[in-house]
Amino acid sequence: MSLNELTGGSRASRITELTTLLFLLALIVVLVFELPPEVFSPGSKSFILAIGVIGAWRYSWWFTIAIRSVWYNRRVFPRLRRQADAADAREKPDALYVLCTSFRIEPEVSFAVYDALIRDAADYGVPTTIFAAISDRSDVDVIDHVMAENGWPANVEISYMFQKGDGKRSAMAEVLRAISRRMPSHRSLLVSMDGDIRIEPGTLARSLSFFFVKDDLGALTTNNSAIVNGGDVTKEWYDLRYAQRHLVMSSGSVSERLLVLTGRYSAFRAELATDPGFIELVENDHIEHWRFGNFKFLSGDDKSTWFWLLKNGWKMLYIPDVYVSGFEELPDKDRFFASSLDLMKRWYGNMLRTSGRAIALGPKTMGLFTWWSLVDQRLSMWTTLIGPSVAIMLTLFVRPSFIFAYLLWILFTRSVTATVLALQHGRFSLLWIPMLYYNQVGGALLKTYVSFRFNRQSWSRQGISAGEPSDPRAARRQRRMGHFMHAVYVGSLMLILALAVGVVAPPDRMAFAVLEDQSAMLADDDGPAPERDDGYWLALALADAPEGGTVQLPAGNMRVGKRFTEKLFEVGDVRARTFRGHGGKRPTTWYVNASLAGRLHDARGRTLSDNRTLTCRADNPCRLDTASGTVTLDDMDVRRASPERRQ
């Protein structure tokens, strides 16, 4: 990977954008012209649940974040910027320490990174010590070359420290201890950055000056841009993530709290970063879990530094007008989906490992908005899955045309979201529309997966993993339990959604009655079977039917005895008063016992007790008089039952 390859930008080509536009337009035309009008029926509870109620909740919260972001960038930050520029003109830190960690970075990238850093440090004019946590001797040659190219600036010192290869945390801890031995003053500052981040000229002056505006500011981070080695989809995927990051970071800064301090470029007060508790958390951060036991964190150092500051009440800030550029490349640039999901799995694992303890601090420590944002991260991974799950259920089991409505909803909402992001980010790509849905649904699936297995950690670049027991049998037990719990949670969610939208109906009184009748018939296999009486469930059918409705009966024979009138009297409130038979070549036939035959008559007044058979049709309906009222019979035959019992 050469620098020329990396500096090709991070935007999709015009051909890709045009192809995406034509595809989206064609999809919209198909959906609009094929969409049945009844899909948008306001009485559709399923539609309202899937894309109405849940969508209103999720997007009202998202637009709250967007409005806060606009407020910060238009009103709050300009005032802070003026104050910071004025502070930079009159005071500087006593000393600046830069912690830059690199692991097998290409020499061309390392040269560009250190060249930009050393140039900016020299221009800043503050005594600066750059601690280069490197992994290879060739890195020393590159950095020495950069120093020589810049004339060995008098205010810049380079200190080399070789990493152990067991992750970034141990290297950071060693550097922080080395800085603490220099006893930095309370006016000294520390910049922590990755070895593949190139800063722009003036980054140090324009970011560090905020520490002299706010005495309670513990750390800050800046805006990011990407220099991507990959295809158009990869470029836009990274740029979309940075646009979303800008929105969330800006919103959080209104409360002077962030949800993460990115390791790409963040600045701290040196006295805080050299606190023994801070260093210990960076090096040995761990969690005690009821199922996983005690396990140490592998990556996510930016979450550890963030949590320490949050717990100790320090404020944090996002600087949106200062950019640092990351040299980005997927672990396998030829496999976009596999690589992007692998990265998201690591990011979400870091989030889930630390958000629980942060939530436990409560809203008093960090403010209600920040606290709820952390809670929402946990909720959103489940609520995001409701829409597609309901859409699939309804499409498969209720109405296939529902998928058209859902796809239109996706196109509409993601287009609005992408437009809002573009207005704040400064550019727009049509690829963002499908990518937003991919990030949201794919991310939600990954979060739910990781939430039951967040002890399993891996770092693709360094090829290391951690978190599981060393005993293979114990590791297998943990994995099986994770699979089981995940299946229970997902199954419960699917069952609740299926019941809510009517795909699956809970058993009603009639179903219980049928089951009861069948159980009674099987209660005593040795004795004679009890006389069958379908009146029990027929009475319940009248009670469960819509008000004023008709109960449609199947073809076949039914025995109706005194249990029918007894159950009618018991239920009291009967909403339907009409039974309609099957009709046709396979009629419905009632066999009515002697106790009811005298109360069943047709429209001509003939009773069943006087006639062995009555034919009940629309022009000659039959009526059964009961203590609870008259029940009408239509399109069926009624006969007197013989007293014989089934054997």
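Both faces of strand β4 are covered, with L189, V191 and M193 buried on one side and L190, S192 and D194 buried on the other, where buried means under 20% relative accessible area with a 1.4 Å probe and protein chains only. Because six of the six residues of β4 (residues 189-194) are buried, the strand is largely enclosed by the rest of the structure. This is a predicted model, in which local features need pLDDT of at least 70 and side-chain atom pairs count only at pLDDT 80 or more, while totals for chains, interfaces and linings use all residues. Residues are numbered from 1 along each chain as its sequence is written, and side-chain values use heavy atoms, with hydrogens and water left out.

**Strand β4 and its partners**
- Strand β1 (residues 96-101) runs parallel to β4 and is joined to it by six bridges, and Y97 stands opposite L190; two strands pair if DSSP finds at least two bridges between them.
- On pairing with strand β7 (residues 265-269), β4 is antiparallel over five bridges, and R269 in β7 is the bridge partner of L189.
- Strands here are DSSP runs of E with at least two residues, helices are runs of H or I with at least four, and both are numbered from the N terminus.

**Nonpolar cores**
- The largest nonpolar core has 87 residues, and those with the most contacts inside it are L96, Y114, V191, M193, L208 and F210; such a core is a set of buried Ala, Val, Leu, Ile, Met, Phe, Trp, Tyr and Cys residues joined through side-chain atoms within 4.5 Å.
- Helix α4 (residues 107-124) gives the most to this core, with nine residues.
- Apart from this core lies another, of 37 residues, among them L31, L35, L247 and L430.

**L317 in strand β10**
- L317, which belongs to strand β10 (residues 315-328), is buried with a relative accessible area of 1%.
- Not counting residues up to four places away in sequence, L317 touches residues including Y72, F210, L217 and L258, a contact being heavy atoms within 4.5 Å.
- The C-alpha atoms of L317 and E256 are separated by 5.7 Å, although these residues are 61 apart along the chain.

**Helix α18**
- The 29 residues of α18 (residues 472-500) should span 42 Å at 1.5 Å a residue, which agrees with the 42 Å between its end C-alpha atoms; the expected span is 1.5 Å times one less than the number of residues.
- Among the buried residues of α18 are A474, Q478, M485 and L497, and what covers the buried residues includes α14 (368-383), α15 (386-397) and α17 (432-451).
- After α18 comes G502, whose phi is positive, near 85 degrees.

How values were computed:
Buried means under 20% relative accessible area, exposed over 50%, partly exposed in between (1.4 Å probe, protein chains only).
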